Amino acid sequence: MLPIPAVIFTAPQDVSPDGLANLAPLRRLAGAWQADKGIDVNPKAEGPERRTFIEHIRMDPIDPQANGPQLFYGLRYHIHIDTPEEDITFHDQVGYWLWEPATGLIMQTLAIPRGQVLLASGKAKPDDRKISVTAKRGDTAYGICSTNFLEQAFRTDSYRCDITFNEDGSWTYLIQTELFVRGAPFNHHDSNTLKLVAPPKLNPLAVIVNDRAKADVKGGGGTAA
């Protein structure tokens, strides 16, 4: 972590409009992804349940984000999961993956419609083939926040997401959440390997800049000498 500067309101000047080109290790996550052989192991009253699921993920770059001098490039994502046995959604999740070039910090935000959010963090280099982020309950920087019911019945003590980028362009994840269910620990884990089915969209600022450049070329790009 870089020291907090004396001037915290000054925005960075060297900001690229092209979010996709500046995602470094997160660039390999951009696009639309699909897989039908995901595995989920979750707690049930009678014991651990193992489910196979179908997963769709969309990750598109966002415009650069600044906290004063701190600069992030990132992806906005939506995960939709269902199962072969049921029509109802098995899991729905939204959030962001963020990259801070100055420090190598990567972050994942996560929100699910059962009353839970988290912010997980890790460190990476631009060409890393494996990345990991973690969050812990009670951590005020990279923590987990849940409803009262979840805190009492299905408490989440920690979260870890490990991603491996494969040679064929696919990527594999293992997510482990350490739960405390009815007074007993439980390792809830999910894994899957996803393949690209559509390219990412450009971030809004990149679209504006590209359209402006095309208009300039079409219009002649300036005046004759």
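A polar contact is a pair of N or O atoms within 3.5 Å, where one must be able to donate a hydrogen and the other to accept it. Keep that in mind as we walk through this structure, which is a predicted model.

Let's start at Q93. You'll find Q93 in strand β5, which covers residues 86-100. The side chains of Q93 and H91 are joined by a polar contact of 2.9 Å. Q93 also has a polar contact with the side chain of Y77, again through its own side chain and at 2.9 Å. Is Q93 buried or exposed? Its relative accessible area is 7%, and buried means under 20%, so Q93 counts as buried. If you set aside neighbours within four places in sequence, Q93 is in contact with Y77, H78, I79, Q108, L110, A111 and I112.

H91 now takes us to the largest pocket. H91 is among the lining residues that lie nearest the pocket's centre, along with D40, R114, H188 and D190. In total, 43 residues line this pocket, and its volume is about 1000 Å³. What kinds of residue make up the lining? Sorted by class, there are 28 nonpolar, nine polar and six charged residues.

Last stop: the largest nonpolar core. This core has 36 residues, and the ones that touch the most other members are L26, L29, W97, Y159, I163 and W171. Which strand gives the most to this core? That would be strand β4, residues 70-83, with six residues.

Conventions
Residues are numbered from 1 along each chain as its sequence is written. This is a predicted model: local features need pLDDT of at least 70, side-chain atom pairs count only at pLDDT 80 or more; totals for chains, interfaces and linings use all residues. Side-chain values use heavy atoms; hydrogens and water are left out. On a 1 Å grid over the protein atoms alone, a cavity is a set of points where a 1.4 Å probe fits but cannot get out, and a pocket is an open set with protein on both sides within 12 Å along at least five of seven lines; lining residues have an atom within 4 Å of a point. Grid points are joined across faces, edges and corners, and a volume is the space filled by probe spheres set on the points. Ala, Val, Leu, Ile, Met, Phe, Trp, Tyr, Cys and Pro count as nonpolar, Asp, Glu, Lys and Arg as charged, and the others, Gly among them, as polar. A nonpolar core is a set of buried Ala, Val, Leu, Ile, Met, Phe, Trp, Tyr and Cys residues joined through side-chain atoms within 4.5 Å. Buried means under 20% relative accessible area, exposed over 50%, partly exposed in between (1.4 Å probe, protein chains only). Helices (H or I, at least four residues) and strands (E, at least two) are DSSP runs, numbered from the N terminus. Contact means heavy atoms within 4.5 Å.
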